[in-house]
Amino acid sequence: MNELILIGTLLSVTLSGLLMFLLWRFKQKQLAQDETLNRIRVDFEQNLLNTRITLQEENFQKLAREIHDNIGMSLTVARLNLRLLDEPAKADQQSHYRTAAEQLDKAILDLKDLSRSMNPDIIKHLGFLRSVELELNALRKTGLYTVDFTVSGEQRPFAIEKEVILFRVIQEALHNILKHAEATAIQLNFDFRNDELNILISDNGIGFHTDTIDRKRKEQRSSGLFNMEERCQLLQGSFAITSEAGKGTSVYISIPLPQQKNDGTPGPAVGFARLPQ
Amino acid sequence: MNAFFDLTNGLMLLFNLAALLIGILHFRRSIFHKILCLYISFALFQDMVPYITYFLHFSPVQRHYWMNASINCFALLEGLLFYYYFYIALRERFNRLILLTGTGLLVLTAAWLWFLMGKFGNSFQSFIAAELFLLLVPCILYILEQVGAKKAAPLYNDPAFWTGAGIFIFAASSIPLFLGWSLSFPVDANPDPIYSINNILYIILFTSLMIALRCKPSSTHE
């Protein structure tokens, strides 16, 4: 009988242990499946976003060329034709003539700025920081804002595709300030660290309750803030926003920088397709 | 057989002490760790009862009474603690309701056996056998919940898995042991072989509890 008890106990230990082992194996397999599914979903979303951004940049480029080559050219010709005319003798006509000339000049300049701002090639030609500076200069020119731009740490260029995406995020942030913030001062800080670039864009405007924005972002996934966040995700970076009513708004962006090669050049761009050249 | 019993008893005490030490070290980690630590402390106290009765020079009758009484009390506490543990670990409302029913059954069984049948100071086997069956319930519910869970979480870091595995192996294996003993052993037979095997089962339980205590649960039960 002793043996029977012993055998029964041993059998129970083995069977119960086996059952727990099977549960363990089952969960491991389930976990592996979940991870694969998750990876596929992330890859799909990344590709979708990548395609969307690439298409958007293509459209921007086409539009920029259209503005520059057609509308810009027409306005320049119109301005030249105006110059060829003699100034009218009458005083009130003179005033109209000068106003028209000034408005044409302004329209040509504004379109030039718009074309430059939309064209991703400009970042390639001027460089990322210089392009951001030009954006800020345009704000300074309005005379409505005090703009403070600082860059700290060792400046490092990164892949042009990433620069274009990041440039669009900064443009969106600045656009939001102009549209909603009612600010008088804008601060932009670039901090290059060893392996990441931290960007702070802040203003002294009216601010807002972040809860409202969070709710709106969840409701309408196409908002500007959501786009900014999405673009940052595409760069494997992080995006955060802090604000309080009456105390301005701060946008924090952190983007990983590529590992530097021995010769100091950045590594290849990975994760999204080439932008139109 | 005495030597084998002494060996397994000594080893079980060592494992119990080790588990208590790990439990104290990780006591603050989560409610699961606190419950396990409490259980291990009770288990150690239970292990000490024979020595306490010896040092207090209890008569054989008194010794018999207090041994049975302490095992009965410990078994009830053990059952309640593990039921509470799985009440927190399990997510589904239905499973929690079953656990509440099980808790009620455990208390009723204890009350019936101890006070109506008068077994509190006389015998512990009947209550242990009933408790072992009831201890299987939360483990089976945990296994079913894990199998049915749509979202997978790694089990190696889940204290409930290791605790469930330990109790399941212990309870499932103790049932044939105690049933065989109750059915086939004469009343005055030497229980040392049964206790020796039971000690080994306790070593397995304490080992899995030690692993459970080393887990860092990522759940919100903190």
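This is a predicted model: local features need pLDDT of at least 70, side-chain atom pairs count only at pLDDT 80 or more; totals for chains, interfaces and linings use all residues.
Trainee: What makes up chain A, going from the N terminus on?

Mentor: Chain A has seven helices and five strands. Their order is α-α-α-α-β-α-β-β-α-α-β-β.

Trainee: Why are residues such as L225(A) and F226(A) in helix α7 called buried?

Mentor: The word applies under 20% relative accessible area. L225(A), F226(A), M228(A), E230(A), R231(A), C232(A) and L234(A), in helix α7 (residues 224-234), count as buried, so each of them falls under that cut-off. Over the whole of chain A, 39% of the 277 residues count as buried.

Trainee: And what comes just after α7(A)?

Mentor: There you find Q236(A), which takes a positive phi of about 60 degrees.

Trainee: How do you know that β3 and β5 of chain A are paired?

Mentor: Pairing needs at least two bridges between the strands. Strand β3 (residues 196-203) and strand β5 (residues 249-256) of chain A are joined by eight bridges, so they meet the definition. They run antiparallel, and D203(A) has T249(A) in β5(A) as its bridge partner.

Trainee: What makes β1 and β4 of chain A edge strands?

Mentor: Look at the order in the open sheet, β1-β2-β3-β5-β4, where the pairing is mixed. β1 (146-152) and β4 (238-243) of chain A each have a single partner strand, so one side of each has no neighbour in the sheet. From one strand to the next, the twist averages 10 degrees.

Trainee: Which strands does helix α4 of chain A touch?

Mentor: Helix α4 (residues 128-142) of chain A packs on the sheet and touches β1 and β2 (185-192) of chain A. Its direction makes about 165 degrees with that of β1(A). α7(A) also packs on the sheet, touching β4 and β5 of chain A, and its direction makes about 145 degrees with that of β4(A).

Trainee: Now chain B. How do α3(B) and α6(B) cross?

Mentor: The axes of helix α3 (residues 60-89) and helix α6 (residues 159-184) of chain B come within 11 Å and cross at roughly 140 degrees. The crossing is left-handed.

Trainee: How do you know which class the residues where α3(B) meets α6(B) belong to?

Mentor: F82(B), Y85(B), F86(B) and A89(B) in α3(B) meet P159(B), A160(B), T163(B), G164(B) and I167(B) in α6(B). Phe, Tyr, Ala, Pro and Ile count as nonpolar, whereas Gly is among the polar ones. The contact of α3(B) with α6(B) therefore comes to seven nonpolar, two polar and no charged residues.

Key: Residues are numbered from 1 along each chain as its sequence is written. Chains are lettered from A and ligands numbered from 1 in the order in which they are written. Side-chain values use heavy atoms; hydrogens and water are left out. Helices (H or I, at least four residues) and strands (E, at least two) are DSSP runs, numbered from the N terminus. Buried means under 20% relative accessible area, exposed over 50%, partly exposed in between (1.4 Å probe, protein chains only). Axes are lines fitted to C-alpha atoms, for helices over the stretch in contact, and angles run from 0 to 180 degrees between N-to-C directions. Contact means heavy atoms within 4.5 Å. A crossing is left-handed if the near helix is turned anticlockwise from the far one by less than a right angle, and right-handed if clockwise.
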